[in-house]
Amino acid sequence: MKTACVIGNSHIGAIKSGWDRIDEASRPVALEFFGSKSQSLQRTFVEDGVLKSDDEQIQRSLLRTGGAPEIDLRRYDMFVLVGGGVHFKALGRMLRNATLYPDATPGRRLVSQPALTEAFRRRVEALAAWDLSVMISSVTDAPIYVLPEPFFDKDVMKATHKPFMKQIHELGIGEQAAAAFDAACERTFSRFGGFVAQPRETREDHIFTASKYALAPVSMRRMMDMDLDARDDDFVHKNDEYGELMMRAFLALAGLSASK
Amino acid sequence: MTTPYADLPPERYWRSGVADVHATGLSGLYQKKFDIARKDRIATAGSCFAQHVARHLTKHDFNVLDAETSPLDLPDEVARRFGYRIYSGRYGNLYTARQLLQLLKDAASGTVRPEDVWEKNGRFYDGLRPSVEPDGLASPEEVMAHRREHLGFVDELFSNVDVLIFTLGLTEAWVHRASGAVYPICPGVIAGAYDPAEHAFKNFEFDEILADMLEVNEILKARNGNFRMMVTVSPVPLTATASGDHVLAATTFSKSTLRAVAGSLRNRCDNIDYFPSYEIITSPSSRGMFYEPNLRSVTEIGVETVMKTLLSQHAGDKPAEAAPKERPAPEKDDAPRKAKRGGGKKKKDDLVCEEILLEAFAR
């Protein structure tokens with residue numbers, strides 16, 4: 001059986017929990033999980049085929065989640081990168097002064113979806129997922145699949161520090177913006193293996209994750225039994241049901257299949 | 001008895017003015033008719049060669065307007081691919097005088113014609129500037145919405161301009177028979193479909209071009225009493241001709257006509273000057289050295305020579321040799337502002353030219 005290395009940030013918790021929901025006997029690939037918070041994995045480097053960091057926190061995190069303080073990239077048949085900063089919010093911020101057709105709100109400049117896609121694609125190339133993809137591909141030809149951070153749930157619209165999410169929703173351009181996000185990520189990561197877009201059935205109004213997937217969210221800290229209580233205001237992390245759907249989408253994109 | 005030819009300065013004689021002078025050092029070829037100061041609000045437009053002028057003036061700290069910046073923070077290369085930061089508006093190349101006049105009138109009236117939307121593989125393009133959205137847009141309605149917004153910026157631009165630098169590029173064009181709309185490229189090359197019943201070839205004559213340019217001048221003078229225009233003629237030969245003539249003969253006709261119009265404009269209008277970039281590049285003294293091996297594209301040395309000549313007369317309040325200065329990032333409001341274009345040297349292929357696509361049709 002092939003072995004895949006799953007590397008990610010806090011969202012790896014939901015992904016691992018989701019994977020655990022898939023019957024072991026039907027799993028077409030063995031997975032090994034390594035996690036480190038936020039964009040910290042940008043502080044890694046490759047030496048002799050091994051992904052390392054001089055940061056002790058990162059070493060501890062990799063050890064605690066994956067059983068080793070560093071990752072021998074040559075051991076794996078494929079890679080799954082989870083999160084890595086690939087989030088819709090970065091694209092959402094770009095639309096603060098702009099809009100997409102058919103919106104025609106005065107004071108907002110019209111931009112085309114292709115231009116937005118291209119602009120966002122350049123942003124993606126500054127994220128941890130990109131850096132890791134480049135580092136891994138310098139060692140091995142094994143395919144790399146990137147899973148984005150999930151869309152926020154709708155409670156984000158109550159958060160004053162992310163007003164652009166509410167604006168995009170109210171302008172009625174969520175569908176176009178989400179399409180630009182998916183297209184930019186697809187164009188960026190297809191060269192390494194593929195981009196696993198968040199499944200349609202988990203989305204609500206195009207740019208949000210449906211609330212049922214936000215119930216009892218699983219972050220990496222919970223996965224590591226460091227914080228068992230889900231936070232009430234966590235509109236970021238999702239649950240194991242979401243994780244299962246993402247992993248099934250990954251298997252489908254990778255040409256692997258798992259029975260239900 | 002002496003003659004009018006006695007005691008003329010050296011540049012009035014072919015041997016001392018051209019034959020014995022290196023092509024990079026022609027002197028006295030251009031004497032400005034009026035000043036262009038660095039604070040003057042400058043708009044640039046025209047054929048591909050005009051992109052060189054815009055870029056170099058910006059680099060030398062002239063107040064080249066950019067009325068249609070991208071609200072997205074695009075790297076220069078991406079911005080240019082989407083038609084931003086090339087000219088003072090996102091209008092693409094205006095190869096003919098009629099295109100310029102049409103743009104001004106459409107902008108003033110807010111005219112958007114459905115028949116100017118072209119389709120290709122399910123995507124839709126603005127036939128009047130088909131290269132600004134290289135991937136097209138999702139629907140004809142979206143194209144028209146973008147064009148409406150664009151025309152608003154163009155109208156604002158030309159309400160705020162002191163100097164227009166316009167490069168006349170072609171006499172040949174394709175027009176929509178019913179509306180008279182003039183396109184920068186034949187329908188079907190980038191998008192759309194050529195239909196002889198709908199589209200016609202047009203080779204503009206001297207009188208028509210002169211009349212169009214005079215009308216442009218009147219429109220802009222009415223908006224700004226201090227309006228001035230500098231016209232140039234692109235030295236870039238035609239990629240292809242639909243005139244039925246050999247492409248060399250067609251090029252000569254086209255450039256000669258445009259050059260004659262430019263000269264006539266200069267002679268007739270106090271506020272119009274002609275800058276001889278055409279002569280600098282095509283002069284026999286250059287022996288073709290200012291052209292790339294394809295004998296069309298102008299080399300960077302050629303462009304530098306042109307700009308050196310221009311800046312020798314229009315140094316503004318600084319000496320022409322002053323080091324180019326990088327611009328600060330543009331402000332975020334929507335008023336026309338100084339352009340922010342990539343500094344440093346550009347490769348020759350940086351120009352955005354639809355016309356070159358015609359080469360793909362060569363057998």
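Predicted model: local features only at pLDDT ≥ 70, side-chain atom pairs only at ≥ 80, totals over all residues.
**Interface of chain A and chain B**

Together the two chains bury about 1,800 Å², and carbon and sulfur atoms account for 60% of that area. On the side of chain A, the residues that lose the most area to chain B are A:Tyr101, A:Arg109 and A:Leu110, which together make up 39% of what that side buries. The contact involves 16 residues of chain A and 26 residues of chain B.

Three salt bridges cross the interface under the rule used. One salt bridge joins the side chains of A:Glu118 and B:Arg81, with an N to O distance of 3.7 Å. Between chain A and chain B there are also four residue pairs in polar contact, counted with both residues at pLDDT 80 or more.

Two elements of chain A, strand S8 (109–110) and helix H4 (113–124), each supply at least two residues of the side that touches chain B. The largest share comes from H4(A), with seven residues. By class, this side of chain A consists of nine nonpolar, two polar and five charged residues.

A network of salt bridges links residues of both chains: A:Glu118, A:Arg121, A:Arg122, A:Glu125, A:Arg187, B:Glu77 and B:Arg81.

**Salt bridges**

Over all chains, the structure holds 39 salt bridges. The table lists some of them.

| Pair | Closest N and O atoms |
|---|---|
| A:Arg21 and A:Asp240 | 3.8 Å |
| A:Arg200 and A:Asp182 | 3.9 Å |
| B:Asp126 and B:Arg129 | 3.0 Å |

The salt bridge between A:Arg21 and A:Asp240 has its closest N and O atoms 3.8 Å apart. This pair links distant parts of the chain, with A:Arg21 in helix H1 (residues 12–21) and A:Asp240 in helix H9 (residues 240–253) of chain A, 219 residues apart. A:Arg21 has a relative accessibility of 41% and therefore counts as partly exposed. A:Asp240 is also partly exposed, as its relative accessible area is 28%.

A second pair within chain A is A:Arg200 and A:Asp182, which form a salt bridge at 3.9 Å. A:Arg200 lies in the loop between strand S10 (193–195) and strand S11 (203–204), while A:Asp182 belongs to helix H7 (residues 174–189), so the pair ties together parts of chain A that are 18 residues apart in sequence. A:Arg200 is exposed, at 60% relative accessible area, whereas A:Asp182 is buried, at 10%.

In chain B, B:Asp126 is part of strand S4 (residues 123–126). Its relative accessible area is 7%, under the 20% limit, so B:Asp126 counts as buried. The salt-bridge partner of B:Asp126 is B:Arg129, with the closest N and O atoms 3.0 Å apart, and both residues are buried. The side chain of B:Asp126 also reaches the backbone nitrogen of B:Leu128, at 2.9 Å. Apart from neighbours within four places in sequence, the residues in contact with B:Asp126 are B:Asp116, B:Val143 and B:Arg147.

**Chain B as a whole**

Chain B contains nine helices and 11 strands. Of its 363 residues, 55% count as buried. Its accessible surface is about 15,700 Å², with 54% belonging to carbon and sulfur atoms. Among contacts in chain B between residues at least 6 apart in sequence, 74% join residues at least 24 apart.

Note on methods:
Residues numbered from 1 in each chain as written. Chains lettered and ligands numbered in written order. Heavy atoms only, no water. Contact = heavy atoms within 4.5 Å. Buried area = accessible area lost by both parts, 1.4 Å probe. Salt bridge = Lys/Arg side-chain N within 4 Å of Asp/Glu carboxyl O. Polar contact = N/O pair within 3.5 Å; in protein donor to acceptor, adjacent residues only side chain to side chain. Helix = DSSP H or I, 4+ residues; strand = E, 2+ residues; numbered from the N terminus. Nonpolar A, V, L, I, M, F, W, Y, C, P; charged D, E, K, R; others polar. Buried < 20%, exposed > 50% of the residue type's maximum accessible area, 1.4 Å probe, protein only. Areas by Shrake-Rupley, 256 points an atom, 1.4 Å probe, with all protein chains shown as cover.
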